[in-house]
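Here are my notes for you to read alongside the model. Keep the sequence open as you go through the points.

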Amino acid sequence: MQIVELMTRDPIAVGPETPLKDVAAILLEHGISGVPVIGERLEVLGVVSEADIIAKEVGPDPRVRRLIGWLLGGRYVDRQKIEARTATEAMESPAITVGAGETVAEAARLMTELGIKRLPVVDDEGVLIGIVTRTDLVRAFTRADEEIEREIRQMLLETLWLDEPGLQLSIERGEVRLAGKMRRRSD
């Protein structure tokens, strides 16, 4: 399954000079946890998340300034984030993005490895065309068995070029079983 099938099109985004207070209001109003920051050509510059806004409330940790705080693993909140007033000052940059043609598996890998909750989806020129979230990826797991079977059969034919009469594919409650014998051992 490709990202284009799951992503939210025309996502909410903010400009670089959007006041951070307005970004917080947008997150609350729309019930979302982050927004892409886009430039004049709609290219993704970064992402502002709830964590970036919360950093302002945490403030600097006085333990971090001491050697013992550093040795004990005190968490450091970037001073720039604490002093941020606009989206561009608070955002994580560069943004981790994904193309519409990427697979759900690739998006899941990125989100899991990097600990992020959303990926802006861009076209070939880097222009924002959508967003995919962890919730969208979870939705992929609720697909009907028939839909999963169609996707796997298509992948077997188009990607792996396997059209074996002795190959049995069965799917029950999302669990896929592939069994049978292949004509060539390399397959």
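**Notes on strands, cores and one threonine**

1. Let's start with Thr18: leaving out residues up to four places away in sequence, Thr18 touches Val23, Arg85, Thr86 and Ala87 (contact means heavy atoms within 4.5 Å). Before going on, remember that this is a predicted model, where local features need pLDDT of at least 70, side-chain atom pairs count only at pLDDT 80 or more, and totals for chains, interfaces and linings use all residues. Residues are numbered from 1 along each chain as its sequence is written, and side-chain values use heavy atoms, with hydrogens and water left out.

2. Where does Thr18 sit? Look in the loop between β1 (8-9) and α1 (20-30); helices (H or I, at least four residues) and strands (E, at least two) are DSSP runs, numbered from the N terminus. Thr18 counts as buried because its relative accessible area is 16%, and buried means under 20% relative accessible area, with a 1.4 Å probe and protein chains only. A polar atom of the Thr18 side chain also lies 2.9 Å from the backbone oxygen of Gly15.

3. Now the largest nonpolar core, which has 15 residues; Ile3, Leu119, Val121, Val132 and Leu137 touch the most other members. (A nonpolar core is a set of buried Ala, Val, Leu, Ile, Met, Phe, Trp, Tyr and Cys residues joined through side-chain atoms within 4.5 Å.) Two or more residues come from each of α6 (104-114), β5 (118-122) and α7 (134-140), and α6 gives the most, with four. There is also a second, separate core of 12 residues, including Val14 and Ala87.

4. Zoom in on β5: five of its five residues are buried. Arg118, Pro120 and Val122 are on one side, with Leu119 and Val121 on the other.

5. Who are the neighbours of β5? Strand β4 (residues 98-99) pairs with β5 in the parallel sense over two bridges (two strands pair if DSSP finds at least two bridges between them), and Val98 has Val121 as its bridge partner. Strand β6 (residues 128-133) runs antiparallel to β5, joined by five bridges. In this hairpin Gly126 takes a positive phi near 85°.

6. Val37 has Gly46 in β3 as its bridge partner. As for β3 (residues 44-49), five of its six residues are buried.

Technical notes:
Buried < 20%, exposed > 50% of the residue type's maximum accessible area, 1.4 Å probe, protein only. Polar contact = N/O pair within 3.5 Å; in protein donor to acceptor, adjacent residues only side chain to side chain.
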